[in-house]
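Dear colleague,

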Amino acid sequence: MICGTKATIADLLPYVSDRLAQGLRYLAETDFRTVADGKYELDGDKLYATVAHYTTEPKDAKKPESHNRYIDIQYLGAGTEKLYYTAKTDASRVVEDYSADRDLLFYADAGERDSVTLGDGVFAILFPWELHRPGCHAVHGGCEVQKVVVKVRMD
């Protein structure tokens with residue numbers, strides 16, 4: 001996982017692929033206060049963003065997940081949430097497989113000990129070899145958030 005802030009995206013661009021850089025530039029250049037919920041194609045199915053509002057949930061109400069074909073760039077336009085993560089291992093057990101149509105796999109509890117708090121311009125880049133559990137409470141009782149997820153195809 002790579003973390004950074006919207007203010008430091010330009011520093012990261014020389015070190016990432018062109019497609020990942022395009023997704024990061026989209027985050028840097030967009031004022032999400034003016035963006036409605038929905039899907040936004042940036043380069044067809046190779047690069048797109050989804051914007052959604054929701055309320056965070058307790059960690060135990062969320063399932064760890066991963067993707068086979070896409071890198072996630074997760075960013076909050078508003079609110080605060082905790083995102084737990086860990087490396088995928090041979091012991092990681094898939095409990096729901098939607099990989100064929102949604103590139104999404106859910107796992108049994110992965111026992112993640114590491115986390116990052118998203119909000120205040122913070123983003124996290126998550127790769128297919130990492131399990132992540134987004135949308136978790138960062139503040140007691142939860143928080144309404146605006147989440148932006150940029151999907152970057154791996155080919």
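Please keep in mind that this is a predicted model. I begin with arginine 33, which forms a salt bridge with aspartate 31, the closest N and O atoms being 2.9 Å apart. Arginine 33 is exposed, with a relative accessible area of 75%, whereas aspartate 31 counts as partly exposed at 32% relative accessibility.

A search of the whole structure gives 11 salt bridges. Among them is the one where the side chains of arginine 19 and aspartate 155 meet, at 2.8 Å from N to O; this pair links distant parts of the chain, with arginine 19 in helix H2 and aspartate 155 in the segment after E12, 136 residues apart. Aspartate 155 is exposed, at 62% relative accessible area, and a network of salt bridges links Arg19, Asp45, Arg153 and Asp155.

Arginine 69 and aspartate 103 also meet in a salt bridge, at 4.0 Å from N to O. Arginine 69 lies in the loop between strand E4 and E5 and aspartate 103 in the loop between helix H3 and strand E8, so the pair ties together parts that are 34 residues apart in sequence. Here arginine 69 is partly exposed at 36%, while aspartate 103 is buried at 2% relative accessibility.

Turning to the pockets, the largest has a volume of about 480 Å³, and of the 19 residues that line it, Thr50, Glu65, His67, Asp72 and Val149 are the closest to its centre. The largest share of this lining, 4 residues, comes from E3, and by class the lining has 7 nonpolar, 4 polar and 8 charged residues.

With best wishes

Key
Residues numbered from 1 in each chain as written. Predicted model: local features only at pLDDT ≥ 70, side-chain atom pairs only at ≥ 80, totals over all residues. Heavy atoms only, no water. 1 Å grid on protein atoms, 1.4 Å probe; cavity = no way out; pocket = protein on both sides within 12 Å on 5 of 7 lines; lining within 4 Å. Points joined across faces, edges and corners; volume = space filled by probe spheres on them. Helix = DSSP H or I, 4+ residues; strand = E, 2+ residues; numbered from the N terminus. Nonpolar A, V, L, I, M, F, W, Y, C, P; charged D, E, K, R; others polar. Buried < 20%, exposed > 50% of the residue type's maximum accessible area, 1.4 Å probe, protein only.
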